[in-house]
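Here is my note on the model, in numbered points. Please read it beside the coordinates.

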Amino acid sequence: MIRVNGRERPDPTNVRLLLSDYLRHELGLTGTHVGCEHGVCGCCTVLLDGRPVRSCLMLAVQAGRHEVTTIEGLAGEGKLHPIQQAFHECHALQCGFCTPGFVLAVAGLLAKHRKPSDLEIDEGISGNLCRCTGYASIRRAVRRATELSK
Amino acid sequence: MKPPPFDYHAPSTTAEALDLLAKLEDAKVLAGGQSLIPLLNFRLASPAHLVDINGIAELEYVRERDGGVAIGAGARQSDVEDDKTVRRICPLLAEALGQVAHPVIRNRGTVCGSLAHADPAAELPAVLLAAGGEVVARSVHGERRITAQDFFKGVFDSALEADELLVEAWFPATTGPFALVEESRRHGDFALAGAARSGDRLALFGVAPTPVLADPTDPSHGLSPSGDLEATPAFRLHLVEVLVRRAFAS
């Protein structure tokens, strides 16, 4: 059993399955996006025991002893998490493909630094690629998220 | 399915892991997986067996030992980076960890895994070499300590035997000025060239098949770095001169 978004879910059907593919194909949690599949783009970022990790760089079977949180589990049903609200307000997304990964990377950043410096923000989002909106509005959204999280 | 077929083993003790490594043909140790899983995804690696050491709780430690810091094979880079003992005794290591890939990668990657992977452009092997550290390799036949100078053999090649597990890395205390400087095309990428300074000792990375010790007054002496799409050999030699000047200016 693997705990995903607070629910016990069945074990992956194959040990070769990446966590990202398990979430998408076996659980239907398609909010975890898959871009490069080798750890460069950051789109597949999920929280493992509250810390952001790349789900394409883990086997699903390795999540067995851990709590996985995907973008679907970040806020309650029908609600926006403060980070999602901040991304919305600051126009920090355009096509939205990279957004779940960014939101979860920022969740990890804000868990570690409640009021991150500009440098810490840049470092915190440095592992995620955005190809349309650009990073200025995403930086603004991180600052806005710290206000909304108070 | 991205990774090629393999049999998966998840021992819960070091002894169990060593038994598996002694018994299995063509086994690869899976630690943080931040290099190995991409290699599997690209099918550049296709080991018959994966021995996953992430479930071995006894390897998850950072402790003071012999005036330095001992880091277990299970310790994550981000935990080591934030560790108070590491920051106090071996600030060079903490400084270097802040430049390893990105925070999200460091949440999963391990210090010992990076050393065992022996990427010539990675920061941690150069830090171990500059600091004069060593690794502890264990197999069912016993344990041996290998100095950094003897450990790195070539590109992705170390002195570890197939049945050995790198159970611990030991970094001596940082004494005197220290620096970790590197140049890469994008923040967080592997360096085109880099330098680790620990007191008067200097190790370079990204410019040879292994990290190399160098003379701070003539750092590029004897070097013949390779060229690729990102940097010519001459540019790498130029970077070495500039980076070493910066490392020793502080």
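1. Start with helix packing in chain A. H2(A) passes H5(A) in a right-handed crossing. A crossing is called right-handed if the near helix is turned clockwise from the far one by less than a right angle, and left-handed if anticlockwise. The two helices span residues 82-89 for H2(A) and residues 136-148 for H5(A); their axes come within 8 Å and cross at roughly 135°. Axes are lines fitted to C-alpha atoms, for helices over the stretch in contact, and angles run from 0 to 180 degrees between N-to-C directions. H2(A) and H5(A) are therefore oblique to each other. Angles under 35 degrees count as roughly parallel, over 145 as roughly antiparallel, 65 to 115 as roughly perpendicular, and the rest as oblique.

2. Provenance and numbering. This is a predicted model, in which local features need pLDDT of at least 70, side-chain atom pairs count only at pLDDT 80 or more, and totals for chains, interfaces and linings use all residues. Residues are numbered from 1 along each chain as its sequence is written, while chains are lettered from A and ligands numbered from 1 in the order in which they are written. Helices (H or I, at least four residues) and strands (E, at least two) are DSSP runs, numbered from the N terminus.

3. Confidence. The predictor gives the complex an ipTM of 0.95 and a pTM of 0.96. Chain B averages a pLDDT of 97, and 100% of its residues score at least 70. pLDDT is the predictor's confidence in each residue, from 0 to 100.

4. Who makes the H2(A)-H5(A) contact? From H2(A) come A:Pro82, A:Ile83, A:Gln85, A:Ala86, A:Phe87 and A:Glu89; from H5(A) come A:Ala141, A:Arg144, A:Ala145 and A:Leu148. Contact here needs C-beta atoms, placed from the backbone, within 7 Å. By class, this contact has 7 nonpolar, 1 polar and 2 charged residues. Ala, Val, Leu, Ile, Met, Phe, Trp, Tyr, Cys and Pro count as nonpolar, Asp, Glu, Lys and Arg as charged, and the others, Gly among them, as polar.

5. H3(A) against H5(A). Helix H3(A), residues 99-112, packs on H5(A) at an angle of about 45°, with the axes 11 Å apart. That makes H3(A) oblique to H5(A). The crossing of H3(A) past H5(A) is right-handed. A:Phe102, A:Val106 and A:Leu110 of H3(A) meet A:Ile138, A:Val142, A:Ala145 and A:Thr146 of H5(A). The residues of this contact divide into 6 nonpolar, 1 polar and no charged.

6. H2(A) against H3(A). Their axes come within 10 Å and cross at roughly 125°. That makes H2(A) oblique to H3(A). H2(A) passes H3(A) in a right-handed crossing. On the H2(A) side are A:Ile83, A:Gln84 and A:Phe87; they meet A:Thr99, A:Val103, A:Val106 and A:Ala107 in H3(A). The class count is 5 nonpolar, 2 polar and no charged residues.

7. The sheet of chain A. It is open, has 5 strands in the order E2-E1-E5-E3-E4, and its pairing is mixed. Strands pair if DSSP finds at least two bridges between them. The edge strands are E2 (7-9) and E4 (51-54) of chain A, each pairing on one side only. Neighbouring strands are turned by 40° against each other on average, direction ignored. Inside it, E3 (residues 45-48) and E5 (residues 67-69) of chain A pair in the antiparallel sense over 2 bridges. A:Leu48 stands opposite A:Val68 in E5(A). H3(A) lies across E3 and E4 of chain A and runs at about 35° to E3(A).

8. The sheet of chain B. This open sheet has 3 strands in the order E1-E3-E2, with parallel pairing. Its edge strands are E1 (7-9) and E2 (27-30) of chain B; each pairs on one side only. The twist averages 25° from one strand to the next. E2(B) and E3(B), the latter residues 49-52, pair in the parallel sense over 4 bridges. B:Lys28 stands opposite B:Leu50 in E3(B). Helix H1 (residues 14-23) of chain B packs on the sheet and touches E1, E2 and E3 of chain B; its direction makes about 165° with that of E3(B).

9. The interface. How many residues of chain B are in contact with chain A? The count is 23 residues of chain B, against 25 residues of chain A. On the chain B side, helix H2 (36-41) and helix H6 (103-106) are the elements that give two or more residues. By class, that side has 11 nonpolar, 9 polar and 3 charged residues.

Notes:
Contact = placed C-beta atoms within 7 Å.
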